[in-house]
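Subject: the structure we talked about

Hi,

Here is the structure for you to open alongside this note. Have a look first, then read on for what turned up.

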Amino acid sequence: MTREKNPKITEGEKFKRATLTVALVTNFVNPFAATALNIAIPMIGSEFHASATTLGWVVSAFMFFMVAFAVPFGRVADTKGRIPVLVFGVIVFAAGAFLAGFAPSLTVLIAFRILQGIGSAIIYSTNMAILIEVYPSSERGRVLGISVAAVYLGSSLGPVIGGEVTHYLGWRYVLFLTGALAIFALVNILLRMPIKALKEIEKAEKIELNETRPQKIGVSSIVLYACAMLLVMYGFTTLGQNIASYIILVAGAALFIVYVKHEAKTEAPIVEVRLFRNPNFLLSNLAALFNYAATFAVGYLLSIYLQLVKGYSANISGLILIAQPVVQMIISPISGRMSDHRNPFKLASIGMALCAVALFCLGFIRVDTPVYLIIGILLILGFGFGFFTSPNSNAIMSSVEPRDFGVANSIQSTARSFGQVIGMAMITIITNIIIGHSSLDEASAGTIVRNTNTAFFVFAAVCALGIVISLQRKPHK
């Protein structure tokens, strides 16, 4: 049985368009949820009188739980059906967004951001897999390119729309808008994507790939994986604050060892450990982790700098920050097409080098730095990031067999998200050292600039290490 020949599999253009619509909306809403709220961080801190260190958890908590649960829910979706799991994820995401919008305190806000992060993990682990299943191989490149553009569109419009909404309505309405977008996706799923049709697709997929793996995932595997990830991320984020952070970090590392040994014995592992024996696959994911660790927090840092040091409003700050993701959105499809004909490892390394240069330049910004210079550096960063992402993703997917595309994509998403968590963790550590427990409103412009400079120099060094890793990859003969 092949997917193209089975009429139940290619049910019709309406089903395919509905699937693409859901993928576009969900791919848009996840980065939008992160970047749109970044612009509101100063206002959230002012309302709750929160310290700069504590405010970082509004972003970090979301990322933590997205990283911890993406891969486990991806495997659950393989066994229970992807549309039911996606429906559940969208509901959880929407509920987290709306409830966070009504949060009476920063603690409650962070708690509901955790719920939103779990929903985001479920969405990320299912939406692209459904898209790949529904469209035949001859159309996948086109629709995947469109769906990736939706990610950068979310990143681009997040600061702009988030800034406008925050400026005129308040930060809570950013969360309400995010929840409304999730509801729109949910309506499309329930009304236009019949579960029966996808079950036929998944059944055919297993026949095509001749899958013989057991389909039941042990609860113990999920618990061990999630707990190990959370402990490592929390320990690293709080590193240096007290002795407990070191204990938690060591405990997380030890639990990872237990998890790996457990997975070696189980018949249905969550993560395909064998894939990491492929040097190019391992190095490409490490390169992604380092790149995202170095670049993810740029919007967070510059949002604070532009509003509290330069004195711009939230909406104007959003318009300035849009420079980077707009260039990414333009360059990524171009670099992706180039990587089909040229060495993707070299292209990705060039992109990483441009990111390192831009981050190093941002380390020299001062109170009186002209805004046009900042925009220029953001354009270089966007060009570098756009030149890195598509070729690196191509390198990852090209290093595995077709039967491993699903799990390879999940691992790639985890590496990306874990890198983002590391980036925010470094921000938290640096901010704790330089600003301490004072609120952002209490910190002087000079202190904020010093904090920003330090962070960007650290990120430039991380990016430089990523270049070294990227250059270790060798094309197959």
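Leaving aside its neighbours within four places in sequence, which residues is threonine 452 in contact with? Before the answer, some ground rules. This is a predicted model, where local features need pLDDT of at least 70 and side-chain atom pairs count only at pLDDT 80 or more, while totals for chains, interfaces and linings use all residues. Residues are numbered from 1 along each chain as its sequence is written, and side-chain values use heavy atoms, with hydrogens and water left out.

Back to threonine 452: the residues are Tyr305 and Ile365 (contact means heavy atoms within 4.5 Å). Threonine 452 sits in helix α18, residues 445–471, and is buried at 1% relative accessibility. Here buried means under 20% relative accessible area, exposed over 50%, and partly exposed in between, with a 1.4 Å probe and protein chains only.

For the chain overall, the secondary structure is 18 helices and zero strands. Those are DSSP runs numbered from the N terminus: H or I with at least four residues for helices, E with at least two for strands. Of the 477 residues, 58% are buried. Among contacts between residues at least 6 apart in sequence, 85% join residues at least 24 apart. The chain exposes about 19,200 Å², with carbon and sulfur atoms supplying 68% of that (areas by the Shrake-Rupley method with a 1.4 Å probe; for residues, only the protein chains shown count as cover).

There is one salt bridge in the structure, meaning a side-chain nitrogen of Lys or Arg within 4 Å of a carboxyl oxygen of Asp or Glu. The partners are arginine 172 and glutamate 47, whose closest N and O atoms are 2.7 Å apart. Arginine 172 belongs to helix α7 (residues 172–192) and glutamate 47 to helix α2 (residues 41–48), so the pair ties together parts that are 125 residues apart in sequence. Arginine 172 is partly exposed at 21%, and glutamate 47 is partly exposed at 39%.

Helix α7 also holds leucine 191, which is exposed with a relative accessible area of 70%.

Helix α11 (residues 279–295) is mostly covered, with 13 of its 17 residues buried. From first C-alpha to last, α11 reaches 24 Å, close to the 24 Å expected (1.5 Å times one less than the number of residues). Asparagine 278 caps its N-terminal end, with a side-chain oxygen 3.1 Å from the backbone nitrogen of asparagine 280.

In helix α12 (residues 298–309) you'll find glutamine 307, buried at 15%. Its side chain makes a polar contact with the side chain of serine 303 at 3.0 Å. Such a contact is a pair of N or O atoms within 3.5 Å; within protein, one must be able to donate a hydrogen and the other to accept it, and residues adjacent in sequence count only if both atoms are side-chain atoms.

Lastly, serine 339 in helix α14 (residues 323–339) is buried at 5%. Serine 339 and serine 390 are 51 residues apart in sequence but 7.8 Å apart in space, C-alpha to C-alpha.

Cheers
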